[in-house]
Structures are given as C-alpha cells and as structure tokens.
Amino acid sequence: MTLRLATTLALLITAAPVAAQQVQPPPAAPAGAPAQDEGLSVTVTDESAWQDLQVAIPAFATDREAPTPANSQGTTALGLELARVIYNDLRNNALFRPTGPDSLPKPGYAEITAPAFGAWRGRSAEDLVQGYVRAGADGRLTVGCYLYDVALGEELTRGGWVVQPSDWRRAAHKCADLVYSRLSGESPFFDSKIAYIAETGPKNHRVKRLAIMDSDGANHRFITNGQATALTPRYSPDYSKIAYVSFLNGYSRIYVYDIGSGRQTLITQSTNPTFAPRWSPNGRTILYSMATGGNTDIYSVSASGGGTPRRLTDSPGIDVGGSVSPDGSKVVFESDRSGNQQIYVMNADGSNQRRISFFGGRAATPEWSPRGDLIAFTHIVGDLRVAVMTPSGGGLRYLTNDWQDEAPTWSPNGRIVQFFRTARGSGQASIWQVDLTGKNLRRLPTPVGASDPAWGPVLP
Amino acid sequence: MNRLAITLAAASALALTACAKKPPAQLPPAPQDTSVPTDTGPSTSGPTPGSEEHFKSVMNGRDVIYFDTDKYDIDSEDAAALRQQAQYLLQYAQIRATIEGHCDERGTREYNIALGERRANAAKNYLVSLGVPAARLTTISYGKERPVALGSDEAAWAQNRRAVTVVLQ
C-alpha cells in the first residue's frame, strides 16, 4: 500500500520549488449543478446548491513522524495544521459547510487514498478532503490533497505540491483552492496575498505603514517603519514588487519596493506629486496620476524603468486612478471634468474617453474585475458605499451600506470584493470583504487598523 | 469681521466672489489690525521675525484659508488672509514657504490628494499674483490624511478643508 501510494505521488509532483498542481481537466459540472443565471445583467451564480455541501476535512496524515522547520512538533502536528488552514479558508469565507479536523477522527496514512467511506457516510459528510504531508531528505515538504465524493465513494480530484517548510501554508491554500474550484466551478483565490496600509495612533497623528499578509491574514509583515506616511499599495502581478505612495522628504511620490532586495525606486524623477499607482495585468506598465500646477492627469510608464512616461489624459479636471481591463485593452478611471467625480473608460492609449457613470451622486475608485464582467467602485451620496456596475455603466448594485466604505479591490477570481471601512468619529479604519452576492460581509483580522487593501492574483 | 472682509474685497481687484461661505465655527477671531507689524519690539522674548513661529503669531489664524466642499476657489475672506500672508512674505524676502492642501474625510483618498493639491495651488497662485516670487513657494497635498478637527460633523469638516501656509526655516 505504502509503495503504491509513493508511486502515485511521483507522478503527481514535479521537482519545481512549488510544483504546479497536476490536476485533471475540470470534469463536467456534477448532476444537479445550477445553470448559469442569465436573468441579471450581473451574472451571479445561484450558489445555494453547492454552498450547502457538507465537507469533512480531517487531519492530514504523515508517512512517518519527522522533524520539520514548519512545525516544532513534527509532521504529525503539521498535518493537523494543514487541515485547519483548509477548514478555516472555507469556513471564514462561508463556503460550503465544512467540518474541521478538531472534531473528526484522524485517518491513517494508508487511508488517504482508500477512505473509509462507510464511516464518513455515517457522519453525514457529502465530500471528504484527505491528505498527507511528508518531509523529504532535503527538508522540503510534499503535500498531497484528495477530494472524494462520499456518497459515490469516488475520487473527484487530487493535487500535490512540493514546498519549502516556510511555505507550508501555501500547500494548504492550494488544497483549499482545489476543493473550492472543483465543487463550485469557480476559479481559485486562496493562494494569494494582500498588501495594505496598517494604521495606528490618533486621528490627527495617524501612522500609516505599508504591510503585507496572506489572503487569510497569516504571514503578516510590516514593510515600512511609519516615519513617512505610506498610502495605496499595489502588488505587482508576480508579487515581486509593491508600488505605493510615500510622503518621504516632504513630497508625495510613488515608490516601487522590490520585496527580494528591499530596494526602493522612484517611478519618475519629477518632484511633482505622483500618486494612485496601478499595475497593468501583465506587469509591464504602471499607470499613475501626477499633479502639475494643481491639475492631475493619468500617465503610463514602463514598469522596468527608464522609459518616457506617456500622458493619457489632458482634461483640465482631476483625472485620477485607473484600472486596466484584464485583456489590457481599456482603462477605467475617475475624473471630475463634468463637475464632480465620475467614472470613465478609455482605450489603453488614452483614446476614446467616455463617461459611463450616470446614476447620480459621485463615483470613484473604479477597479476592473479580473473576470472582466464588472467594475467595482465607491459611490458617494453623502455616505460612501461599495458598488458594482457593468463596464458600460449599467446594473448598479450596492454591496455595502455603511457610513464610509471605499476603495474596493477584487479577489483573484472576481467573486469577492475587499474594501476599507472608516468609523465615524474615531476614524478607525478596518478591512472588510463581501461576496459579489452582497452576502457574507466580514471584517478581516489585522493586528492594527487597516486601509487600502490590494488583493493580488493567485500564485502560480 | 464682516466690515473687514467687505473692505478687503473692495480693495482687492483679485477677490473673486462675494463671501458666500460660512467660516468654520471655531475659527479664531480676526485680528483688528491687518497691517504686518514692522517692528516686533525690542529684545522681548517673542519669536524671531521671519520664523515659522513668528509668521503664525503675526497671521493670528490667517495662515489658513478654508474651502467649501469639493471647491478650491479663493473667496474674499481667503483673499484677505492671503494678502496678509503676501505682505509678510514680501517683507521677509529671504524666507520660503510651503502651502499644504487638505480635505475633509468625506471623500476618497486619492481624489482628495488631487483636490488638496488644487487648493494648495490656488493659494500659491494668489500669492504669486500679489508679487511673491513663485520660486519661494512650494505646495504639498495631504489629502484627508491630516485633519486638525477630529469630529465627524460639518463643523469639523469645514475646518479641515483648508490650505495652510507654513514658513520654512
């Protein structure tokens, strides 16, 4: 049995530092899966069918207890932690009805590929996530993940990853992504990161620091020390850099922080204020806004540096922000050229600028969904609320209703929107997220106050 | 106060519009004398002429001008304050100043940086029109990041929509 399992694994896993998941092509939707809802201009899948699935996630097994830098108590304890991460990913995002490892029996290593289906049926589990972790001679960890349909007694999918011990949580997120994708039909999003601004101190002396964390809040790290105010970070699509605004030395200017080297570079040498940095989806260009004599316009510059910035807007009003469509062809941005903040779309070269928001109030901070079908933005009618609309400006729909919610950012699969909420009076800021359905609103746990979330893509 | 504003508006060809804006509730009282003292008195322990502290003391609240929601125009009251600032800056020809633009909290972060920049530039342009060399003036916008009034009500927001002239040492 052990030998057979090992052979299976060898096929599953490549030698890359983090092997791409070796998954079979996605099978056809399971019987009873809901049809795509074409009724609304916004396509929101009826999630009730899969949302109610009972998913059991027992502790991952290990072939032999071994020490690992990933867990001071060894691979058995690590197997429990892996299952907990998967359970919390699903539970915190209100996906399915998961049961975690702390209230389930622990399958042995041999059971991982041959589940005791009868026992799981007895626990009313409809789907079962089992897995294992092994410590290799080189210290790296091999994590296997299997999803079973308990009623059918069949395997639905599997994945395997070889990771450095410090990346053990990524293997758990990959497994959660595999389970979520297979059962819901949606694209994965757990194995991703968030850059944001950590806020501490009183309202009139607030310290704002650049910080990063995994999508579940783990591996939290402060990047800047808070001496200079930092604002509006954006991860590069490959997560190697973060563009953000710093008020260092009395200027507000965009810096690009290289995570590997810790080096920071200015996006332009101009002493004019630059702000609102945005990466193109392919990471090759950065959009930014620059004020000259009080007039703000949007520019585009090569992300590799050295190129001449190209000015995309020239209205006498404030043109600011910008979010590139997933196919790279268009930019949605904000302008007050009509008298107040409204949302416009233009071609990537700046041509054909046209307003799309015509529903009253002010409209700001547009962000194109990674799926391309929607634009999330801040709608201001006294209060600030997060809303979505189609790229042509139709189908306005509010996702939040509070005193001040602003600056939406999309989950990598375009199903969840994060934003920050400011409390009236204290000005305390916190990061929240809500499903595209408007359900499952929740606050993200952060060590201190938090604003300006920027969710990056799923890691390869 | 009203008489003073009207007098200054009439005196200034550059004053743009009548004062339609209500001043913030907690604005310090306007000074009685609009001229800049040329002599700060002998060897008292007051601030050094030309210093940031001295400027603030002489301006007596008029180092700050206020704006309506989403606006950046210089009204007659702002013009009066800026004239006084200009007099000071022309008197102490060696000093430089930076003008900070600010917004209230009821807007989005990035737009407010752009709007604060507009406000700071409106103040700067007015000072330049009064003869202050542009090379001595810089601007910076803090958007909504540095409020002075901490409440979440109209009175606090009115105090935070401002441009502050700060003399650089």
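Two residues are in contact if their C-beta atoms, placed from the backbone, lie within 7 Å. Keep that in mind as we walk through this predicted model. In chain A, residues 24 or more positions apart account for 46% of the contacts with a separation of 6 or more.

**Chain A in outline**

Let's start with the overall make-up. Chain A has 460 residues, and 49% of them are buried. Its secondary structure comes to five helices and 30 strands. The chain is split into domain 1, covering 2–184, and domain 2, covering 193–455. Where these two meet, eleven residues of domain 1 of chain A and 14 residues of domain 2 of chain A take part in the contact. On the domain 1 side, helix α3 (residues 75–92) of chain A gives the most, with three residues.

**A strand to look at: β27 of chain A**

Now zoom in on strand β27 (residues 416–422) of chain A, where seven of the seven residues are buried. In a regular strand, the side chains alternate between the two faces of the sheet. Here, Ile416(A), Gln418(A), Phe420(A) and Thr422(A) point one way from β27(A), while Val417(A), Phe419(A) and Arg421(A) point the other way.

Which strands does β27(A) pair with? One is strand β26 (residues 405–410) of chain A, and another is strand β28 (residues 429–435) of chain A. The table sets out the two pairings.

| Pair | Sense | Bridges | Residues between the strands | Positive phi in the hairpin |
|---|---|---|---|---|
| β27(A) and β28(A) | antiparallel | seven bridges | six residues | Gly425(A), about 90 degrees |

Arg421(A) in β27(A) is the bridge partner of Asp405(A), and Val417(A) stands opposite Val434(A) in β28(A).

**Over to chain B**

Chain B has an open sheet of four strands in the order β1-β4-β2-β3, with mixed pairing. Strands β1 (64–66) and β3 of chain B stand at the edges with a single partner strand each, so one side of each has no neighbour in the sheet. Ignoring direction, neighbouring strands of this sheet are turned by 20 degrees against each other on average. Within the sheet, strand β2 (residues 96–102) of chain B and strand β4 (residues 162–168) of chain B are antiparallel, with six bridges. Ile99(B) stands opposite Thr165(B) in β4(B).

Helix α4 of chain B packs on this sheet, touching β1, β2, β3 and β4 of chain B, and its direction makes about 155 degrees with that of β3(B). How far should this helix reach? With 21 residues at 1.5 Å a residue, α4 (residues 109–129) of chain B should span 30 Å, and its end C-alpha atoms are 30 Å apart, which agrees. The helix is mostly covered, since 18 of the 21 residues of α4(B) are buried. Just after α4(B) comes Gly131(B), with a positive phi of about 105 degrees.

**Where the chains meet**

Finally, look at the place where the two chains touch. Here 22 residues of chain B are in contact with 30 residues of chain A. Both α4 and β3 (137–143) of chain B supply at least two residues each to the chain B side. Which element gives the most to the side of chain B that touches chain A? That is α4(B), with ten residues. By class, this side of chain B has nine nonpolar, five polar and eight charged residues.

Terms used:
Residues numbered from 1 in each chain as written. Chains lettered and ligands numbered in written order. Predicted model: local features only at pLDDT ≥ 70, side-chain atom pairs only at ≥ 80, totals over all residues. Domains from an automatic or database assignment. Buried ≥ 20, exposed ≤ 12 C-beta atoms within 10 Å, placed from the backbone. Pairing = 2+ DSSP bridges. Expected span 1.5 Å × (residues − 1). Nonpolar A, V, L, I, M, F, W, Y, C, P; charged D, E, K, R; others polar. Axes fitted to C-alpha atoms, helices over the stretch in contact; angles between N-to-C directions.
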